[in-house]
Amino acid sequence: MSAETHEFQVEARQLLQLMIHSIYSNKDVFLRELISNASDALDKLRLAALREDVLGADVSDLHIGVDTDAQARTLTVRDNGIGMSREEVVQLIGTIASSGTARLLRELKETDDADAAAGLIGQFGVGFYSAFMVADEVTVVTRHAGESRGTRWVSRGEGTYTVEDLDEAPQGTTVTLHLKPVDEEDQPEDYTRAWKIREIIKRYSDFITWPIRMPAQRDAAAAEGDGSTPAEPAADDVETVNSMKALWARAREDVSDEEYHELYKRISHDWVDPLEIIRLQAEGTFEYQALLFIPARASQDLFTQGHSRGLQLFVKRVHIMDDCEQLLPPYLRFVKGIVDAQDLSLNVSREILQQDRHIQRMQRRLTKKVLSTIKDMRTNAPENYATVWREFGRALKEGLLDDHENRDALLALSSFSSTHGAEPTTLAQYVERMKEGQEEIFHLTGDSREAIENSPHMEAFRAKGVEVLLLTDPIDEIWVTAVPEFEGKRLRSITQGEVDLGGGEPDSDETEDERESRRQEYAGLLTWMTGQLAEDVKEVRLSTRLTVSPACLVSDTHDIPPALENIYRAMGQDIPRTKRILELNPGHSLVEGLNKAHGEREDGADPGLAEIAELLYGMALLAEGGALKDPARFTKLMAERLSF
């Protein structure tokens, strides 16, 4: 058949115009698409040769070649793979057949967001046509393996394409791009520069199975991109540009730790070796391989809002995305690595990833693998586990808030400071040490271990020898309200509700009748103080948790803790202020004196008593790190009371 000119269908022509006019913000991806197509062609030929489906095909040196010509302004990508017949050229390249094309075009016209538009293009899949982003004309010369004649396809992307037969053509496919002139605004990169092409190949196609060859360069400076004219290649001298070292696809025993560490540093931009290497391979209906790394230290921006997270996503060793957030939950954002899927589209978009059930299954399995690895480290490599928890414990605890599926696993691997000793403890270890009859896991949050240990709320627990978890991370204020229990033991703050550690004051031999008598003795003072401090507290009562301090503030069992209130307000949520409960230590001389003075003045009219009650409340507020409503007044009252 002679040369024939065909018109693109209307919708395909419109789509081509969108591609030509820079729908992608990053034009470098065109080379990724062309090399991926070439790799697929080589894969198909190898499989066909094994099945003996093609006769006379040369499979002795399968490879991909890339070449540039600065004078002619061309870029050529060739392979000696399966190739295409004339019918296949028309079917696969000459048309864009999709029932969703009209809908795609409509959605593209309705969006002004370049990133969103690129995502829509990704959903459609336009791989080969991305060449028109950088080329005025594209020529394809191809010959199907085992056939004698070839085919040439030519188009300028302006509505028509030409197809003609060739008597001779090399096996495989050669795509030649006649590049657009360099435009500093629209197309700042000059794709005739060999160093630039090498850079793109290393970024997107370094792990392709097949060798990608380019003419060797004599001038090293030009190879590294000093902006000069590309060096002239030596005659018939070529070199392989890609490493082809997909470490995740090789057996563990065939890869050295040094190779793993080198890959980790390359993808993470870290100069310290990783703490742990995690390999995972899934087979079946959806195949993928994963190579993950747990770093030895947290990055400086790990807890900042703009932190870039996500694993590198590959499809059949082709780099697709640097930060695929859908592969791991946010609380595992410190994990680095690569996931190589076999059954995803090269043009997969973030929108598709969010809805893809295979991606969701991958996330679940990868998450469970990372968590189980960290848990195993506690037993098999305790020093490494301690490093992980020190560096990333705050991030891991974020998962306790929203990852209900893995909450038990997170609780099991977590460790916390405790009054039991200097070393952190797990919840399981805490439960093993619980006193007979103890049914709750007690904890207290604060800014530091020292501040918590000196809290008045700790006095009875210290005297009774009851262990308390010391929680000092800001996230602790939130997750303890979201996690009700561990192994049937309720988690409880020692600042909430009434505490019963065995009755009465610690180390007290009081009988129940004596305690009731004391309550009656202080009833008048408690009622009076409740009314006196009604603006700030809901109740004043005697305490069973104090041994040294005169007073402390506690919350009702189901009230929001004040620290959590402050967090919500900092987030812009307007929540009502919750009144606290003021507990008095009846064994403290200040409280005893106040009760005696109140008894002598039954009407409580003495303004001095009201001021002492106000001072007691202020001291309790300061003791837990709270802020006084009127610091100047508190200081004035304190100074007057301390005057000789």
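## A strand on the inside

How many of the six residues of E3 are buried? Five of them are, so E3 is largely enclosed by the rest of the structure. Keep in mind as you look around that this is a predicted model.

E3 has a partner in E2, and the two pair in the antiparallel sense over six bridges. One spot to look for is Asp69, whose bridge partner in E3 is Thr74. E3 is also joined to strand E7 (residues 172-179) by six bridges, and these two strands run antiparallel. Here Val77 has Val175 in E7 as its bridge partner.

## The whole protein

Stepping back, the protein has 21 helices and 23 strands. It is 644 residues long, and 49% of those residues count as buried. Its accessible surface comes to about 31500 Å², with 46% of that belonging to carbon and sulfur atoms.

Now for the contacts along the chain. Take those between residues at least 6 apart in sequence: 71% of them join residues at least 24 apart.

## Two residues with positive phi

Most residues other than glycine have a negative phi. You'll find Arg73 in the loop between strand E2 (64-69) and strand E3 (74-79). Those two strands form a hairpin with four residues between them, and Arg73 sits in the turn.

Met244 is another case: it is not a glycine, yet its phi is positive, at about 60 degrees. Look for Met244 in the loop between strand E9 (233-240) and helix H8 (257-268). Is Met244 buried, exposed or partly exposed? With a relative accessible area of 31%, Met244 is partly exposed, because that value falls between the 20% limit for buried and the 50% limit for exposed.

## A sheet of six strands

Next up is an open sheet with six strands in the order E16-E15-E18-E17-E20-E19, and its pairing is mixed. Strand E16 (421-425) and strand E19 (485-486) are the edge strands, each pairing on one side only.

Inside that order, strand E15 (residues 416-418) and strand E18 (residues 469-471) pair in the antiparallel sense over two bridges. Ser417 stands opposite Leu470 in E18.

E22 and strand E23 (residues 580-584) run antiparallel and are joined by four bridges. In this pair, Val554 stands opposite Ile581 in E23.

Which way do H19 and H20 run relative to each other? Helix H19 (residues 589-600) and helix H20 (residues 607-623) pack at an angle of about 155 degrees, with their axes 11 Å apart. That makes H19 roughly antiparallel to H20, because angles over 145 degrees count as roughly antiparallel.

The crossing of these helices, H19 and H20, is left-handed. On the H19 side, the contact is made by Leu590, Leu594, Ala597 and His598. H20 contributes Leu609, Ile612, Leu616 and Met619.

Methods
Residues are numbered from 1 along each chain as its sequence is written. This is a predicted model: local features need pLDDT of at least 70, side-chain atom pairs count only at pLDDT 80 or more; totals for chains, interfaces and linings use all residues. Side-chain values use heavy atoms; hydrogens and water are left out. Two strands pair if DSSP finds at least two bridges between them. Buried means under 20% relative accessible area, exposed over 50%, partly exposed in between (1.4 Å probe, protein chains only). Contact means heavy atoms within 4.5 Å. Accessible areas come from the Shrake-Rupley method with a 1.4 Å probe; for residues, only the protein chains shown count as cover. Axes are lines fitted to C-alpha atoms, for helices over the stretch in contact, and angles run from 0 to 180 degrees between N-to-C directions. Angles under 35 degrees count as roughly parallel, over 145 as roughly antiparallel, 65 to 115 as roughly perpendicular and the rest as oblique. A crossing is left-handed if the near helix is turned anticlockwise from the far one by less than a right angle, and right-handed if clockwise.
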